[in-house]
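Me: I have a structure open here. Can we walk through a few spots together?

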Amino acid sequence: MKQFIYADNAATTKLDIDAFEAMKPFLLDEYGNASQPYSFARQPKKALSNARTIIAECINASPKEIYFTSGGTESDNWAIKGISLNGTVAPIITSQIEHHAILNSCKTVETMGIPVTYLGVTKQGVVDPAVLKNAIANSTKLVSVMYANNEIGSVQPIKELCEIAHNHGALFHTDAVQAVGHIRIDVKELGVDLLSASAHKFNGPKGVGFLYIKNGTPIQPYANGGSQESSLRAGTENIAAIVGMAVALKKNCEQLDQTHNHLTGLEYELLRLLRQHSIPFIRNGSENHIAGNLSLSFPNKDGEAIMHILDLHGICVSTGAACDSVNTEISHVLKAIGLQDNYAKGTIRISLGKNNTEKDVRLIADSLKQIESKL
Ligand code: PLP
C-alpha cells in the first residue's frame, strides 16, 4: 500500500491497536446477542456494561446516562429532534457554525413548526455569551452549541453558554464530536444536559458513538423497537464497536496531556516552517482551539487545487469540512467568521493527530512551499 502522510484527523482517525485487539473476540467468538438470557450471552452483556462504565468515567457521567448510537450524526439528530419534538412547540437556538448533522436536523424541525435561531459568531469562530443572552427567551426549549468546531478548531465557552440556557429554563446540548478524547470533559462541571460523541474521531472504530443524556432529561426515543438502551434507542448493540470505542477513549483520555503537548509542538513547528519559507497565509480560529487543527488560508490561491496537489505528494488534508467535500462552495463556517472570499477560497484544513511526527510536518511544509510557488 502507498504510504501517506495522514493529516486529516478531524475527518477520521486511525483505529488504535489496543481497541482493535479488544474488539476481535466479540467479532469472532463472543458473538452472542447481549439481550439473550443464556450463558453464551454473558460475556457480550458484561462487555457492554463495562464499556458503558468506562465511557461514563471518562466524562464524569453515570453509566445510566450513556446511550450508544451509530455515531456523531445520530447523536446530534437525536438530541435536536428528541428534545424539540417532545410535545410542546417551543423555540430552539443553535449557532451558524454547527456541523450539518445539527444544522440539517434544525432545518427538519423548522419544517414542523419549531422556530430556530442561528447565532452568529466572532471573527475567531466563537459564540459570544452576550449574543446568546440577547437571543434567548424564557420560552426557549433547547440551546445547542458545538464544543469545538470541526473546520477551524475553535473551542466554545460551553459552561457559560449552558448557564445562560439554564437561567432561562432551557436545556443545553453540545456536539462534542471534535472534543471528546481530545480535551478533558466533565459533564457535571460543564452542566450540560446532552452531549454527542463519535468513536472514529478519537481512534475508535467508525459507525459507533454515544449520546450523554443527563438523568431526568425529557427526551423522545430515537428508534422504536426492543428494549435496548433503556428503550430509547432500540436495536441489537454492536458490541465489538462499543468495546473498541471504550478502549480507545480510555487510552486517549489517559494520554490527553502528552498528546496535547505533542500536537502543540507539531503545530508550532509547522507554522514556523511556513513563515521561514515566506509563504503568505493566515490562520483561522481562536487562541483556544483543538490542538493540531490548523485552518490555513493562502490568499488568492485555490484550496481545492492545493489539496489535490498535496494528495499527489502523498499528503492527506481537507479543504473545508470533510463531511462536506462534495459541496465546493465556500463553507458556512468560513462565511460565518466573515473571511474574505480570496482567503476563504484558498483555505485548507490540516488536522494533525497523535501518530503524526516532526518529519511529517517538515514534508507538509516543504510540499506547501513547492505548491505555493507553482500556483
Ligand atoms: N459533529 C461534528 C462536529 C463532526 O465533526 C462530525 C464529523 O465530522 C459529526 C458531527 C458527525 O459524526 P459522524 O461522522 O460520527 O457521524
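Me: Is Ser231 buried, partly exposed or exposed?
Reply: Ser231 is partly exposed, with a relative accessible area of 40%. Buried means under 20% relative accessible area, exposed over 50%, and partly exposed in between, with a 1.4 Å probe and protein chains only.

Me: What is this model, and how are residues numbered?
Reply: It is a predicted model: local features need pLDDT of at least 70, side-chain atom pairs count only at pLDDT 80 or more, and totals for chains, interfaces and linings use all residues. Residues are numbered from 1 along each chain as its sequence is written, and side-chain values use heavy atoms, with hydrogens and water left out.

Me: Back to Ser231. What is its phi?
Reply: Near 65 degrees, a positive value in a residue other than glycine. Most residues other than glycine have a negative phi.

Me: Where does Ser231 lie?
Reply: In the loop between S8 and H8. Helices (H or I, at least four residues) and strands (E, at least two) are DSSP runs, numbered from the N terminus.

Me: And Glu229, where is that?
Reply: Glu229 lies in the loop between strand S8 (209-213) and helix H8 (239-254). Glu229 has a positive phi of about 50 degrees and is not a glycine.

Me: Buried or exposed?
Reply: Glu229 is buried, with a relative accessible area of 6%.

Me: New topic. How do H10 and H13 cross?
Reply: The axes of H10 (residues 303-312) and H13 (residues 358-374) come within 10 Å and cross at roughly 125 degrees. Axes are lines fitted to C-alpha atoms, for helices over the stretch in contact, and angles run from 0 to 180 degrees between N-to-C directions.

Me: What do you call that arrangement of H10 and H13?
Reply: Oblique. Angles under 35 degrees count as roughly parallel, over 145 as roughly antiparallel, 65 to 115 as roughly perpendicular, and the rest as oblique.

Me: Which residues meet there?
Reply: Ile306, Ile309 and Leu310 in H10 meet Ser367, Leu368 and Ile371 in H13. Contact means heavy atoms within 4.5 Å.

Me: Now the whole protein. How many helices and strands?
Reply: The protein has 13 helices and twelve strands. Its radius of gyration is 21 Å, close to the 21 Å that the globule rule gives for 375 residues, so it is as compact as a globular protein of that length. That radius is taken over C-alpha atoms, and the rule is 2.2 Å times the number of residues to the power 0.38.

Me: What share is buried?
Reply: Of the 375 residues, 55% count as buried.
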